[in-house]
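Reader: Got the model open. Can you walk me through it, one spot at a time?

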Amino acid sequence: MSAAAYAPWRLGPLSLRNRLIKSATNEGMADGARVTDRLIEFHRRMAAGGVGMTTLAYCAVSRDGRTFEDQVCLDAQTLPRLRALTDAVHAEGAAACAQITHGGAFCFLPQLEERRYPLSARGGLNPPGMMIGRWFKRAATAADLEHLTTQFVNAARLAREAGFDALEIHMGHGYLLSQFLSPLYNQEPDARARARFPRQVLEAVLDAVGNDLAVLCKLSVVEGHRRGNSIEDMIQICRELEQAGAHQLVLSAGMNVEAPWTIFGNRLPVASMTAAAKGLFRPIAALMALRQPRKPFQPLYLMPWSSRIRAAVDIPLAYLGGVTSPDDVTQVLAAGFDSIALGRVLIHDPDLPRHWAAGEQAASGCTACNLCVASMYSARGTHCALTDQPVPAGFSHA
């Protein structure tokens, strides 16, 4: 592995021990927005395995900002348990990042507390919500946008109080800020105009905590839908976020409903997702897996798009997508990326960074079967079906 991967480096105001980051992957381990012991242990293991930073997935900025009931909400009630999580991560020598987001129209809560309909960039029919009888979404007003911005800022301050070292503002995968960025949801014809509200959120969060915490933005550089953003659109959006002062962009892909397979670079295990899902998750899992192409997994599958972004901006970038070996890490850093975000390979083996640093293992044993994606819908939460026994009933490679 390139020695640069394990050299300390600066990310905004934060010093990290290396350039490997555990990406945010929905853990499925929050119980009614509560931080469980399993969730704390999941991230402690990632830190003990040698990453420079681990990212707690989907911390909603309000209770209505959750997509599902069992997701962490950044509020005063969760602070003690979040502090326990960051303390556990810090004790293993890694930094802790909180991914903050709002689901917008991508919402399956049985009841909303603040309003009747979920908010989005545009009102009208809401196809995902139809599965639970919530047929419509409402276009956010100027007052709504100010309120939402305040919620992001409050969540950022709470994350700082809970001991997090960094924040990742989720602007990808079809959540609220992604709904503003994407022409699939936002009728503004210009990418710069679509970026206005996400940039407003970023600037407000930076003003609130940017001197203390590294502030990252996660984006879908390719959405996987013919009506999604072009790469030229994404370059413009990345330039907007660079001008706003983001410390790093995390380059992901796909949309949770329209093209979830684009996130993972290959097909999802439909049978296992529906078998493992509980209650409402079952039809949602089936919906997310529809229409997927027969596409084999390829290492570094997002490099064609991410390299275009790298050539167009100067801001630090985290490469995400199909890094499976020390050679892949070397190639990514040689291409000018500043850090590497790892997901499935760390779920398969949290100790992989330590093995790579010691030269003990050439490549990950992860097969990209995506059964870990299916497991996030189960009662047990996200885990590797190949290494974490026993395998839950209903799992297969179909």
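**Starting from one arginine**

Author: Let's begin with arginine 63, which sits in the loop between β6 (53-60) and α2 (79-91). Keep in mind that this is a predicted model.

Reader: What is arginine 63 in contact with, leaving aside its neighbours in sequence?

Author: Ala33, Cys73, Leu109 and Glu113. That leaves out neighbours within four places in sequence.

Reader: And how far apart in space are arginine 63 and histidine 102?

Author: Their C-alpha atoms are 9.1 Å apart. In sequence, 39 residues separate arginine 63 and histidine 102.

Reader: Is alanine 33 buried or exposed?

Author: Buried. The relative accessible area of alanine 33 is 5%. The cut-off for buried is under 20%.

Reader: Now tyrosine 58. What is its phi?

Author: Positive, about 45 degrees, although tyrosine 58 is not a glycine. Tyrosine 58 lies in strand β6.

Reader: Buried or exposed, that tyrosine 58?

Author: Buried, with a relative accessible area of 2%.

Reader: Stay on β6. How many bridges join β6 to β7?

Author: Six, and the two strands run parallel. One of the pairs there puts leucine 56 opposite alanine 98 in β7.

Reader: How many residues of strand β7 are buried?

Author: Seven of the seven, over residues 95-101. So strand β7 is largely enclosed by the rest of the structure.

Reader: Which residues point which way from β7?

Author: Ala95, Cys97, Gln99 and Thr101 point one way. Ala96, Ala98 and Ile100 point the other way. All of them are buried. In a regular strand, side chains alternate between the two faces of the sheet.

Reader: New topic. What is the order of the open sheet of three strands?

Author: β8-β10-β9, with mixed pairing. β8 (119-120) and β9 (124-125) stand at the edges, each with a single partner strand. So one side of each has no neighbour in the sheet.

Reader: Which way do β8 and β10 run, parallel or antiparallel?

Author: Parallel, joined by two bridges. Leucine 119 stands opposite arginine 138 in β10.

Reader: And β9 with β10, parallel or antiparallel?

Author: Antiparallel. Two bridges join β9 to β10, which covers residues 136-139. Glycine 124 has lysine 137 as its bridge partner. Leucine 125 has phenylalanine 136.

Reader: Where does proline 350 lie?

Author: In the loop between α13 (344-348) and α14 (352-357). Proline 350 has 15% relative accessibility, so the residue counts as buried.

Reader: What does proline 350 touch?

Author: Arg45, Met46 and Gly49, not counting residues up to four places away in sequence.

Reader: How far apart in space are proline 350 and alanine 193?

Author: 40 Å, C-alpha to C-alpha. In sequence, proline 350 and alanine 193 are 157 residues apart.

Reader: Let's zoom out. How many helices and strands does the chain have?

Author: 15 helices and 15 strands. The radius of gyration is 19 Å, close to the 21 Å that the globule rule gives for 398 residues. So the chain is as compact as a globular protein of that length.

Reader: What box do the C-alpha atoms fill?

Author: Roughly 55 × 50 × 45 Å, taken along the principal axes.

Reader: What share of the residues count as buried?

Author: Of the 398 residues, 62%. The chain exposes about 14500 Å², and carbon and sulfur atoms supply 51% of that area.

Reader: What about contacts between residues at least 24 apart?

Author: They make up 72% of the contacts between residues at least 6 apart in sequence.

Reader: Last one. How many positive and negative side chains?

Author: 39 positive and 36 negative. The centres of the two sets lie 6 Å apart.

Definitions and conventions
Residues are numbered from 1 along each chain as its sequence is written. This is a predicted model: local features need pLDDT of at least 70, side-chain atom pairs count only at pLDDT 80 or more; totals for chains, interfaces and linings use all residues. Side-chain values use heavy atoms; hydrogens and water are left out. Helices (H or I, at least four residues) and strands (E, at least two) are DSSP runs, numbered from the N terminus. The radius of gyration is taken over C-alpha atoms; the globule rule is 2.2 Å times the number of residues to the power 0.38. Buried means under 20% relative accessible area, exposed over 50%, partly exposed in between (1.4 Å probe, protein chains only). Contact means heavy atoms within 4.5 Å. Accessible areas come from the Shrake-Rupley method with a 1.4 Å probe; for residues, only the protein chains shown count as cover. Lys and Arg count as positive and Asp and Glu as negative; His and the chain ends are not counted. The place of a charge is taken as NZ of Lys, CZ of Arg, CG of Asp or CD of Glu. Two strands pair if DSSP finds at least two bridges between them.
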